[in-house]
Amino acid sequence: MEKLRIPGPTPCPPEVLQAMAWQMINHRGKEFTEMLSGVTDKLKQLFQTENDVLLLTASGTGGLEAAIVNTLSPGDKVLSVSIGVFGERLATIAQRFGAEVIPLRFEWGKAAEVEAIRQALQTEAKIKAVLVTHNETSTGVTNDLASISSVVKEFDKLLLVDAISSLGSINLPIDEWHCDVAVTGSQKGWMAPPGLAMVSVSEEAWRAHANAKMPRFYWDFTQAKNYLEKGQTPWTPAISTVFALSVALEMMLKEGLPNIIARHARAGGAAREGVKSLGLSLFAEETYASNTVTAVSSSDGLDIKKLLRILREEHRIVLGGGQQKLDGKIFRIGHLGWVTEEDIKTVISALKVALPQAGFVTMG
Ligand SMILES: *Cc1c(COP(=O)(O)O)cnc(C)c1O
């Protein structure tokens, strides 16, 4: 079997996969209600929140669209803090629905600078919300969300967070960091298959929602909340993914959030140390390097496409390439969800063999 080491979808434990084979149940029946209430309760614990957590049948991007259309109106000014592909995506969604996006871009591979965010908020008083990616999967950078959040809240703005590849893997206390809407997806750190977006909604986000005029139907948070109160979802949910997620969440709570976070830190550390020991460099500024995905810069002579092919064909290891302008310039090791430090050491050993075959010449 292939070892999937991309930043989502991620491998699922056997118990989780078995749940995917369970027979369908009535999504308006008692059994589903019990399951949804258990899943919601566990998600709240792992999100470290008292906020509402809604389960949407969607990939992560659907959750991002939901965050935008439920809290904003056309013409609203939003500050887009962007450090890579996913920051740009969130800004594009806002723009597509008529928000006036004020872009604040940082060099790819770097984290967002908090002082620049403060300056932008000082300069433009009418900003309604700040859009930010907690963990930028395309560059392997984790933003300092605690500091960003404290500036955003100093100015009393709504904070909408793409936490798709961080929640459940990297510490993100939703309430302590005042995230108004935070979005994640079942196929990232949650050890479950794709199909569900999980979204937390704060009191302040609900207040914004009451006046938000962007068009929405499938994503309407009011519908989601009304149905959740009855133990249902408004539309037919991805029932099999809910089964799988419920098993995965049970495993996660058994392991304990601090242990999960520490395990990801060890896996991230093993990836960074391993990559450097091979003579390669990290694409991300190291202080902000992510514990769920490591982006590795190319190097003279190295053919990344060839490297990924050799790893896949000869070592059965699947790594990610670079996205958009980073295509051919970096490769990425995913280490989130069902992953250990040992799994990453295996990747590093395979890289050691494959790198020279793909044209990489070590110095010295
Ligand atoms: C994976 C990812 C997305 C996109 O999620 P999909 O489930 O593919 O829609 C968005 N943002 C970040 C940070 C991601 O890692």
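Helices α10 and α12 cross in a right-handed way. This is a predicted model. A ligand sits among 13 residues of the protein.

**Helix pair α10 and α12**

- Helix α10 spans residues 257–277, and helix α12 spans residues 341–357.
- Their axes come within 8 Å and cross at roughly 20°.
- Angles under 35 degrees count as roughly parallel, so α10 and α12 are roughly parallel to each other.

**Helix pair α5 and α6**

- Helix α5 covers residues 114–123, and helix α6 covers residues 145–154.
- The axes of α5 and α6 come within 9 Å, with a crossing angle of roughly 15°.
- That angle makes α5 roughly parallel to α6.
- The crossing of α5 and α6 is right-handed.

**Who surrounds the ligand**

- Of the 13 residues around the ligand, five come nearest: Ser59, Thr61, Thr137, Asp162 and Lys188.
- The shell holds two nonpolar, eight polar and three charged residues.
- Helix α3 (60–71) supplies at least two residues of this shell.
- Helix α4 (85–96) also supplies at least two.

**Polar contacts and cover**

- Glycine 60 uses its backbone: one of its polar backbone atoms is 2.8 Å from an oxygen atom of the ligand.
- Threonine 61 uses its side chain: a polar atom there lies 2.5 Å from an oxygen atom of the ligand.

**A cis peptide bond**

- Glycine 8 and proline 9 are joined by a cis peptide bond.
- The omega angle of this bond is about 0°.
- Proline 9 belongs to the loop between β1 and α1.
- In that stretch, β1 covers residues 3–5 and α1 covers residues 14–19.

**A positive phi angle**

- Glutamine 48 is not a glycine, yet its phi is positive, at about 55°.
- Glutamine 48 is found in the loop between α2 and β2.
- Here α2 covers residues 30–47, and β2 covers residues 52–57.

Technical notes: Residues are numbered from 1 along each chain as its sequence is written. This is a predicted model: local features need pLDDT of at least 70, side-chain atom pairs count only at pLDDT 80 or more; totals for chains, interfaces and linings use all residues. Side-chain values use heavy atoms; hydrogens and water are left out. A residue is near a molecule or strand if one of its heavy atoms lies within 4 Å of it. A polar contact is a pair of N or O atoms within 3.5 Å; within protein, one must be able to donate a hydrogen and the other to accept it, and residues adjacent in sequence count only if both atoms are side-chain atoms. Helices (H or I, at least four residues) and strands (E, at least two) are DSSP runs, numbered from the N terminus. Ala, Val, Leu, Ile, Met, Phe, Trp, Tyr, Cys and Pro count as nonpolar, Asp, Glu, Lys and Arg as charged, and the others, Gly among them, as polar. Axes are lines fitted to C-alpha atoms, for helices over the stretch in contact, and angles run from 0 to 180 degrees between N-to-C directions. Angles under 35 degrees count as roughly parallel, over 145 as roughly antiparallel, 65 to 115 as roughly perpendicular and the rest as oblique. A crossing is left-handed if the near helix is turned anticlockwise from the far one by less than a right angle, and right-handed if clockwise.
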